[in-house]
Structure formats: C-alpha cells, structure tokens
Amino acid sequence: MSAPEAAALAALDPDELVADLAALVRIPSVTGDERAALEHLAERARALGLETALDTHDLAAVRADPEQPGEDGERDELLGLRAGLPGALVDRGRPRLGLCAHVDVVPAGTARWRHGAWSATVDDGRLHGRGSADMKAGVVAALHALAAVHRAGVRPPCDPVLLAVSSEEDGGLGAFAALRADARYDGCVIPEPTAFAVVCAQAGAITFRGEVRGVGAHAAFRREGVSAIDRYVRVHAALAALEVRLNAAVDDPLMAALALPYPVLVGRLAAGEWASTVPDRLTFEGRAPVRVGESVEQARATVEAAVVAALDGDGLPPVTLTWPGARFASARTSPEHPLARTVLEATAQERGGAAPGGVPWGADMRLFAARGIPTVMVGPRPHAIHGVDEHVVVAEALATARILVRTLCRFPGGG
C-alpha cells in the first residue's frame with residue numbers, strides 16, 4: 001500500500017460517515033422527488049471541502065432524445081449532483097473516474113416496519129430505513145471516499161467525480177442526462193449493494209403489457225363464450241416455458257453462476273367485469289430479461305414470438321403486446337479490464353477475498369457501458385432492499401468507502 005493511500009484510509013471518519021448516512025436516509029427521496037436529498041448532499045459535500053454543481057437537466061430535451069432509456073414514474077424536474085476534489089469538475093485532461101450513485105428510492109410500502117421507514121435507527125450495528133442499502137450507503141461511501149482523499153491532501157492519479165443521480169429506480173433518466181451533458185469518463189464504479197461481488201455483468205429488464213381477448217357470454221351458457229382467462233393460461237404457460245429456455249444454456253460464465261440469471265415474471269393481472277359473465281378481456285403486465293450480449297430489440301422479439309405462438313391458430317384475435325416504461329439494457333465489462341482488476345484487488349484487500357460476478361437486475365451500469373465507459377459495481381449486502389425493514393450493516397458501508405478510497409488512489413492501475 002502506498003503512503004498516500006494509507007493516509008487517505010486513515011482520514012476516513014466512521015462516525016461522520018454514519019451520521020451522514022442517517023441524515024440522508026431520513027430524507028424521503030422516492031423517485032420523482034429527489035431535490036431535498038440532492039440539496040442536502042451538496043451542502044454536506046461543500047462542508048467536507050469538495051467542489052459541487054447541482055445540475056438542473058432539461059427534462060423535455062432528455063425525454064425527446066431517441067436514446068433515452070424510458071421511465072415509469074412521474075416527475076416535473078430532473079436534478080443531478082456532481083461533487084469532486086477542487087478543480088476536478090472541469091475536464092483537465094487527466095484520467096477521470098466516475099462514482100455513480102442514485103439517491104432515489106422506491107416507496108416504503110404499506111407493511112409495518114420494525115423501525116420507521118425513514119427513521120435511520122441504528123440497532124445491533126445495522127442502520128434501518130428505506131434506501132439505506134439501495135443505495136444511500138453507496139452514495140455516502142462515495143462522498144466520504146472523496147472527502148478522505150481531500151482531507152489527507154492526496155492527489156490521486158485520476159480526477160474522481162461523484163455523480164449523485166435521480167431516477168435510477170424507474171429507468172435511469174438521471175444518469176442518462178448526466179452522461180448526455182458530459183460522458184468523458186475513463187471508468188466508473190457504482191457502489192450498488194452487491195454483497196461485495198465485483199459485478200462485471202448486468203442483465204437487463206424490460207416491461208411488457210398484454211391484452212387477451214375473449215368472447216363474453218352469460219355464465220349459464222358459458223360454452224357460447226370464450227374466457228379470456230382460459231386463453232391467458234396458455235400465455236402464462238408459454239412465458240414459464242420461455243424462462244426455462246432462456247436459462248437452460250447461459251453463455252456468459254458470470255451469469256451462469258447465478259441460480260436464475262434471466263427471470264420472467266407476470267406481476268399483474270386484471271380480467272372480467274361481473275362474476276356471472278364469461279370474461280371477454282384480460283390484461284397482464286410483467287417483466288422480461290435482456291440477456292448479456294443481447295439487444296433490447298432482440299429480447300422483445302423473443303417474448304413476442306413465445307406469446308403469439310401460445311394462441312396461434314385458435315381463431316380469435318392474437319395477443320396485443322406493448323412495451324411501456326423503462327428499458328434496462330444489459331452490460332458487461334471484462335473482469336480482465338484494468339478497472340475491474342483494480343477494484344477486485346481493492347475489494348480483496350478490504351474483505352479478504354473478491355471475485356467477479358453478474359447480477360440479474362438492471363442498473364445504471366448499462367448507460368455507461370453504452371458509451372464505451374468501463375464500469376463495475378461493488379457495495380454492501382442487499383438486506384431487504386425494496387422490502388420492509390431494509391437495512392445496511394454499518395461496517396459494510398465503511399468497508400465500501402475504504403474500497404473506493406483504494407480504487408481512487410490506484411486508478412488507472414498504478415499505486
């Protein structure tokens with residue numbers, strides 16, 4: 001370990017990191033309402049000696065961009081925060097490393113939490129609250145990694161920039177807008193909760209909506225009608241069979257190691273208007289995967305073929321299938337890339353071991369990869385993310401910050 005790296009690690013303040021994480025968790029920042037969280041982060045970054053820029057993106061222009069990734073939520077503004085060492089927000093021609101982390105979170109839900117959803121209660125070494133693991137721990141870890149480097153007076157071999165973004169949970173519009181404004185990065189690390197696997201492969205996900213038609217009739221004469229529910233059952237079976245096929249021969253070794261690399265799910269159904277009437281219409285909504293190395297268009301075509309074949313030849317209208325909402329493409333960075341090797345080494349030294357991995361969920365990683373920016377993800381364990389009683393182990397938030405400090409001091413490979 002170099003002397004500058006040791007000095008930067010020593011400059012991390014665990015108590016200050018936990019206090020900042022708790023303060024951020026206490027600010028509800030459900031997707032579409034991120035302003036308060038970003039303004040708070042900007043204030044804390046400046047107090048830690050960092051340079052900041054709170055960017056208001058032109059939402060209409062971003063939405064009009066043909067490459068934009070789609071969105072599921074509602075919003076009337078799109079903000080993002082950049083924070084870096086003094087002078088680093090201007091492109092100085094040095095290598096640049098992005099630390100991208102989203103501040104938006106999913107709703108708290110209706111179930112009763114052991115501790116309040118926005119309480120940030122620390123209990124038995126775990127900090128509780130919506131977004132604590134996904135991914136405010138990562139945001140604060142990145143912030144404090146930068147602050148430690150600055151506090152120690154270290155000049156790393158790169159200009160690191162924290163990109164605190166909105167809208168990741170509903171498609172990634174925030175990261176897309178940030179890259180649309182400035183994509184000159186030589187690499188990116190995203191401190192998502194990965195259980196300290198260094199994620200080099202990320203599956204994508206797309207949302208589908210379908211309509212199955214039937215023929216209405218009185219229940220007493222149901223044979224005169226055709227139930228849309230009965231027709232849908234064949235579609236459901238076809239989607240289940242599709243999931244089996246997609247996971248039967250997984251080429252990418254990072255994805256093949258997962259129990260279910262490419263899940264297919266129907267999560268919502270609606271049918272019928274009256275208990276005594278044969279239903280003439282059913283709608284369904286679900287999620288389909290985008291395999292690593294596959295385009296969104298190819299993934300759509302695969303699902304459409306399976307759904308159409310399920311009802312082919314029965315003499316009734318085919319399923320109408322549409323693709324609303326966000327489009328999460330897949331992404332991959334070679335585990336042999338210098339950035340991946342640097343993060344693997346940093347993680348191994350901090351955790352006693354590290355391995356490259358893949359994940360079956362979408363993330364902002366694919367937006368950087370689409371612009372040719374090598375990107376990996378690493379962070380704490382994902383305890384109950386998107387569920388009741390979400391929490392993060394405090395020691396793992398600190399370990400994430402230490403991994404990022406080591407990475408900053410070594411990128412692009414020296415140190």
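This is a predicted model: local features need pLDDT of at least 70, side-chain atom pairs count only at pLDDT 80 or more; totals for chains, interfaces and linings use all residues.
**Ser29**

Leaving aside its neighbours within four places in sequence, I found Ser29 in contact (heavy atoms within 4.5 Å) with Glu34, Ala37, Val103, Asp104, Val105, Trp118 and Lys136. Ser29 sits in the loop between H2 and H3. I noted that helices (H or I, at least four residues) and strands (E, at least two) are DSSP runs, numbered from the N terminus. Ser29 has 0% relative accessibility and therefore counts as buried. The scale is relative accessible area: buried is under 20%, exposed over 50%, partly exposed in between, with a 1.4 Å probe and protein chains only. The Ser29 side chain makes a polar contact with that of Lys136, at 2.9 Å. A polar contact is a pair of N or O atoms within 3.5 Å; within protein, one must be able to donate a hydrogen and the other to accept it, and residues adjacent in sequence count only if both atoms are side-chain atoms.

**Ground rules**

I number residues from 1 along each chain as its sequence is written, and side-chain values use heavy atoms, without hydrogens and water. Local features need pLDDT of at least 70 and side-chain atom pairs count only at pLDDT 80 or more, while totals for chains, interfaces and linings use all residues.

**H2 and H3**

H2 (residues 14-25) and H3 (residues 35-47) pack at about 160°, axes 10 Å apart. Axes are lines fitted to C-alpha atoms, for helices over the stretch in contact, and angles run from 0 to 180 degrees between N-to-C directions. H2 and H3 are therefore roughly antiparallel, the term for angles over 145 degrees. From H2, Glu16, Asp20, Ala23 and Leu24 make the contact; from H3, Ala37, His40, Leu41 and Arg44 do. I sorted these residues into 4 nonpolar, 1 polar and 3 charged. Here Ala, Val, Leu, Ile, Met, Phe, Trp, Tyr, Cys and Pro count as nonpolar, Asp, Glu, Lys and Arg as charged, and the others, Gly among them, as polar.

**H1 and H12**

H1 (residues 3-10) packs with H12 (residues 394-410) at about 150°, axes 10 Å apart. This pair is therefore roughly antiparallel. Glu5, Ala8 and Leu9 of H1 meet Arg402, Val405, Arg406, Cys409 and Arg410 of H12. The contact divides into 4 nonpolar, no polar and 4 charged residues.

**Glu285**

Last, I checked Glu285 in strand S11 (residues 281-290). At 24% relative accessibility, Glu285 counts as partly exposed.

How values were computed:
Angles under 35 degrees count as roughly parallel, over 145 as roughly antiparallel, 65 to 115 as roughly perpendicular and the rest as oblique.
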